[in-house]
Amino acid sequence: METQMQQEPKVPFFQTTTAKMIMVGILTLVLIIPLALVQELIVERSQRQKEVITETTAKWGNSVYFYGPILKVPYKDPMSGANNYAYFFPETLNNKTEVTMVKPLERSIYKSNVFTTKMQFDGNYTNPNFASKGIPAENVYWNRAKILIRTTNLKSLKDEVKMKIENQNLAFESVASNSNDSIESLETNYFDYQSLQNEAKFNFTISFNGSKQVKMVPIGKTTDAKITSNWNSPNFNGNFSPISREITDNGFEANWKILHFNRPFAQSYFEVLPELGKYAFAVDFITPVDEYQQSERASKYGFLVIGLTFLIFFLIQSISKINIHIFQYSMIGIALIMFYTLLISITEHSSFSFAYLVAGASVIIMISLYSISILKDKKFPMFIGTSLSVLYTFIYVIIQLEDYALLVGSIGLFLILAAVMYFSRKIEWNK
């Protein structure tokens with residue numbers, strides 16, 4: 001008796017699990033194009049913000065750069081007979097700087113962080129040594145000495161700058177600069193340096209409006225500096241780190257002590273005064289991570305969000321045998337990309353956290369409601385909504401973290417991979 005073998009009807013290729021997986025994969029790759037356009041939009045808006053901030057702060061005051069005070073003494077070169085200048089740095093230089101952040105400047109939807117500074121200096125000079133260069137005493141014009149300050153922010157000076165050196169009061173005036181850089185100069189009128197006592201003690205105060213940074217060159221043979229501010233997220237920059245610092249929610253205090261053998265430049269120069277800005281110490285007063293940077297970081301996880309969301313729908317489709325059309329996948333993908341346009345637009349008028357919450361909740365609710373009509377069951381849409389909520393929360397946590405972002409991200413992705421492997425273990429891939 002012959003037995004007839006019953007063969008299962010052959011499933012068309014485009015209805016197989018493999019074909020569906022390929023189409024979903026292709027759609028995921030296609031959605032990279034609008035995702036890239038959204039990322040370009042974020043970069044464009046961020047660049048616009050920087051342009052507006054630059055224009056706004058330029059009128060208030062840019063970064064504060066201070067290089068001085070420098071004793072400037074003219075002399076006659078015995079060899080060439082030409083008149084030149086010698087520049088001498090202080091023996092000691094003490095500084096106390098108070099930086100006060102004021103109400104941000106606003107233009108349209110953009111805000112610029114600005115501050116005022118009060119910088120108090122005191123110290124002393126020693127007797128300048130011309131003999132080391134073979135310059136006789138009679139070739140030195142002591143009665144035509146000056147004090148020089150170099151800075152980049154003359155237009156933002158708040159008050160007149162006056163120095164008391166021993167028993168003399170000197171007033172600073174701006175002078176034309178011979179260099180092509182942005183460094184500007186203040187000089188006193190002539191005074192007779194030889195009429196001063198040997199130590200030549202001085203003190204003065206200078207106040208600026210500024211933004212972004214305070215930067216000083218430690219030209220004292222011994223430089224002691226202290227900077228205090230109500231800004232609670234400083235970035236200590238430049239060639240020297242503070243020897244002590246204290247940062248609280250109400251501001252910070254930092255101290256520097258720099259000795260002459262800590263820096264690679266001399267205490268005196270003849271003929272040419274070098275630009276020593278690269279040896280300065282600095283404090284940056286900028287927002288560490290602004291809303292646009294956070295939005296940009298969020299958008300970099302866009303491909304992961306789209307891929308994982310499609311994978312969830314694909315696993316549900318494969319396990320429950322519910323057919324999901326490629327058009328429906330497309331609508332879900334576009335909704336996921338809309339999250340980033342909502343995020344950046346709401347962020348410009350509110351905080352990043354609030355914008356993330358509103359954008360995330362809107363997209364999750366929309367996809368969950370759309371899933372009810374697709375999957376014909378409330379169980380799967382609830383699972384999808386919960387999964388998306390966990391995924392967006394996970395990404396938000398990574399964005400907020402700095403030191404542990406890579407560790408948390410790696411652990412999270414490992415757990416996601418384990419979950420996918422577990423739920424896909426019984427799928428028949430041959431059908």
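This briefing walks through selected features of one predicted protein model.

The model is predicted, so local features need pLDDT of at least 70, side-chain atom pairs count only at pLDDT 80 or more, and totals for chains, interfaces and linings use all residues. Residues are numbered from 1 along each chain as its sequence is written, and side-chain values use heavy atoms, with hydrogens and water left out. The domain assignment gives domain 1 (14-47 + 291-425) and domain 2 (62-284). Such bounds come from an automatic or database domain assignment. The C-alpha centres of domain 1 and domain 2 lie 54 Å apart.

**Helices**

Helices (H or I, at least four residues) and strands (E, at least two) are DSSP runs, numbered from the N terminus.

- Two packed helices are described by the angle between their axes and the distance between the axes.
- Axes are lines fitted to C-alpha atoms, for helices over the stretch in contact, and angles run from 0 to 180 degrees between N-to-C directions.
- Helix α3 (residues 291-299) and helix α5 (residues 326-347) have axes that come within 10 Å and cross at roughly 175°.
- That makes α3 roughly antiparallel to α5. Angles under 35 degrees count as roughly parallel, over 145 as roughly antiparallel, 65 to 115 as roughly perpendicular and the rest as oblique.
- From α3, Glu291, Tyr292, Ser295, Ala298 and Ser299 meet Tyr340, Leu343, Ile344 and Thr347 of α5. Contact means heavy atoms within 4.5 Å.
- By class, this contact of α3 with α5 has five nonpolar, three polar and one charged residues. Ala, Val, Leu, Ile, Met, Phe, Trp, Tyr, Cys and Pro count as nonpolar, Asp, Glu, Lys and Arg as charged, and the others, Gly among them, as polar.

**Two helix residues**

- Glutamine 49 sits in helix α2 (residues 32-60). Glutamine 49 is buried, with a relative accessible area of 11%. Buried means under 20% relative accessible area, exposed over 50%, partly exposed in between (1.4 Å probe, protein chains only).
- Not counting residues up to four places away in sequence, glutamine 49 touches Tyr110, Asp290 and Tyr292.
- Isoleucine 26 belongs to helix α1 (residues 17-30). Isoleucine 26 is partly exposed, at a relative accessible area of 47%.

**Strand pairing**

Two strands pair if DSSP finds at least two bridges between them.

- Strand β1 (residues 64-76) pairs with strand β2 (residues 83-88) in the antiparallel sense, over six bridges. Leucine 71 stands opposite phenylalanine 88 in β2.
- β1 and β2 form a hairpin with six residues between them. In the turn, glycine 81 has a positive phi of about 80°.
- β2 also pairs with strand β17 (residues 268-270), in the antiparallel sense over three bridges. Here alanine 86 stands opposite phenylalanine 270 in β17.

- Aspartate 224 lies in strand β13 (residues 222-229). Aspartate 224 is partly exposed, with a relative accessible area of 28%.
- Aspartate 224 and asparagine 94 are 130 residues apart along the chain, yet their C-alpha atoms are separated by 4.8 Å.
- Leaving aside neighbours within four places in sequence, aspartate 224 contacts Leu93, Asn94, Asn95, Trp256 and Lys257.

**Backbone details**

- The peptide bond from glycine 68 to proline 69 is cis, with omega near 0°. Proline 69 is in strand β1.
- Glutamate 166 has a positive phi of about 55° although it is not a glycine. Glutamate 166 is in the loop between β8 (162-165) and β9 (168-175).
- Lysine 212, also not a glycine, has a positive phi of about 75°. Lysine 212 lies in strand β12 (residues 212-216).
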